[in-house]
Each structure stands twice: as C-alpha cells, then as structure tokens.
Amino acid sequence: MRRGALSAFVLSFALVASGFASVASMSPLLGGKSERAVDDHAQQLAAYAVTEIGSKANVPDLSLVRVTKLSTQVVAGIKYYFTVETKDKAGKVRHYEAQVWEKPGGYDNSAPVELTSYKELSQTPAGGSEDAAWSGAAAQAAVAGINMRSNSLVPYELVEVASTTPLDNGAKMVLRLRRGDKHEAMEVHVERREGGRYGLLNFGPAP
C-alpha cells in the first residue's frame, strides 16, 4: 500500500510539474527589450507621457509631434521606452526620452499607467542637422534601402552622417559609407512614414 501510494504521489507531482512547464512555455519572456512599431495604443501612451512631461517640466502646452523610436519590455506589466519629438506653446521643437509603465491588467481593462522617468535630449544648434536620434534612424533606413537595391554581395555600412537638410516630410542627407575597403559618399533622399519609420526615396553619388 505504501509503495502504491508513493507511486501515485510521484505521478501526480509529475503531472502538476508538467502543467506548470506548459504554462511557462506559453508565457512571454520577462526582461527582454525589443523594438516595435508604433500602433494606436502606443501613440496614446506617448501622448500621455508628453502631457505628463509638460506638467512636470513646467513647459506650457507641450504637444506630441511624433514618436521617433519605441521599445517595450515585459515586466510586471509592460514598460514602454519612447523617444519623442514635441512642440511647446512657442513652437519650439523639443526631443525627449520617456519611460511609461503600463501596470498589469491590460489597456482594455483600464490598467493604470505611470510616467516613471523622462529626459530632454540635447538640442541641435540652429542651422545644424536634426536631432541625433532622428538623423541616425533615417540614415540607417537609407543604408538598408541602398543595400536592398544594390547587386553587390558586400553590404554598405554607415560611417557617419556628413550633412542633413530638413524637408517638409523628410530630409536630404550626405552619408559617408564603407563597402569592404572602399569608402564612398552618397547623397540620399529619405521620407518620414507612418509608425515613426523612414524610407529611402532615391540616392546617388554625392557631388
């Protein structure tokens, strides 16, 4: 009887452990940060963050222009890491990094959210290029587009952004690129697209 009872206990324990393992395998991994597209929900959280920043930093009528970068991290809830472009009451453009914690419960269940930290990014001097976060992301998108259109087996790599000329919906940039041992200067036209992304319109050797 004791042996039978012990066998039943071991079997029950194994089944319970197996069940926990199955649940764990279906759960999202905790702690990993990953980039994601800006959907309507993220846009709302970014707007909330900008409103909070305006209140805490005493910047009147601070409004969201666009999200330039977004990453998320699964914790007890979800953490959103935003880089945003904003505009104040006087029309001055300001760039911020902000972290928003969406607590457990999910947005559809009116889960509470909290701005946990923010930082204003250094401003670009007048007449210079746009903020480094936008310029870097646009340049990387341009290089990816060039590589997609190139027949070379050796991909281009970005060395530096030599210049940026802002346009209404994008920019013209001169990029210094490396392909193997060869260095080239390329002029590119990049446009802003939905979701905080950028796309290459055209490119050619820099004059």
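I count two strands as paired if DSSP finds at least two bridges between them. Helices (H or I, at least four residues) and strands (E, at least two) are DSSP runs, numbered from the N terminus. By that rule β1 and β2 pair: three bridges join them, and they run antiparallel.

Some notes on the source. I am working from a predicted model, where local features need pLDDT of at least 70, side-chain atom pairs count only at pLDDT 80 or more, and totals for chains, interfaces and linings use all residues. Residues are numbered from 1 along each chain as its sequence is written, and side-chain values use heavy atoms, with hydrogens and water left out.

**Entry: the sheet**

I followed the strands across and found five in an open sheet, in the order β1-β2-β3-β4-β5, with antiparallel pairing. β1 (33-35) and β5 stand at the edges with a single partner strand each, so one side of each has no neighbour in the sheet. On average, neighbouring strands here are turned by 25° against each other, direction ignored; the axes are lines fitted to C-alpha atoms, for helices over the stretch in contact, and angles run from 0 to 180 degrees between N-to-C directions.

**Entry: helix α2**

Next I looked up α2, residues 40-56. Its 17 residues reach 24 Å from the first C-alpha to the last, close to the 24 Å expected at 1.5 Å a residue (the expected span is 1.5 Å times one less than the number of residues). α2 lies across β2, β3, β4 and β5, and runs at about 65° to β5.

Which residues of α2 are buried? I list His-41, Ala-42, Leu-45, Ala-46, Ala-49, Val-50, Ile-53 and Gly-54. Buried means under 20% relative accessible area, exposed over 50%, and partly exposed in between (1.4 Å probe, protein chains only). These buried residues pack against β2 (63-75), β3 (77-87), β4 (93-102) and β5 (113-120), with contact meaning heavy atoms within 4.5 Å.

**Entry: the cores**

A nonpolar core is a set of buried Ala, Val, Leu, Ile, Met, Phe, Trp, Tyr and Cys residues joined through side-chain atoms within 4.5 Å. The largest one has 18 residues, and Val-67, Leu-70, Phe-82 and Val-84 have the most contacts inside it. α2, β2, β3 and β4 each supply at least two residues of this core, and α2 gives the most, with six. A second, separate core has 17 residues, including Ala-139, Met-173, Met-186 and Leu-200.

I also checked Leu-70: leaving aside neighbours within four places in sequence, its contacts include Ala-42, Tyr-80 and Phe-82.

Not counting residues up to four places away in sequence, Val-59 touches Gly-54, Asp-88, Arg-94 and Tyr-96. Its C-alpha is 9.9 Å from that of Ala-90, 31 residues apart along the chain.

Most residues other than glycine have a negative phi. In this loop I noted Asn-58, with a positive phi near 60°, and Asp-61, with a positive phi of about 55°. Asn-58 is exposed at 66% relative accessibility, and Asp-61 is exposed at 55%.

Last, I looked at β6 (residues 157-167) and β7 (residues 170-179), which pair in the antiparallel sense over nine bridges. They form a hairpin with two residues between them, and Ser-163 stands opposite Val-174 in β7.
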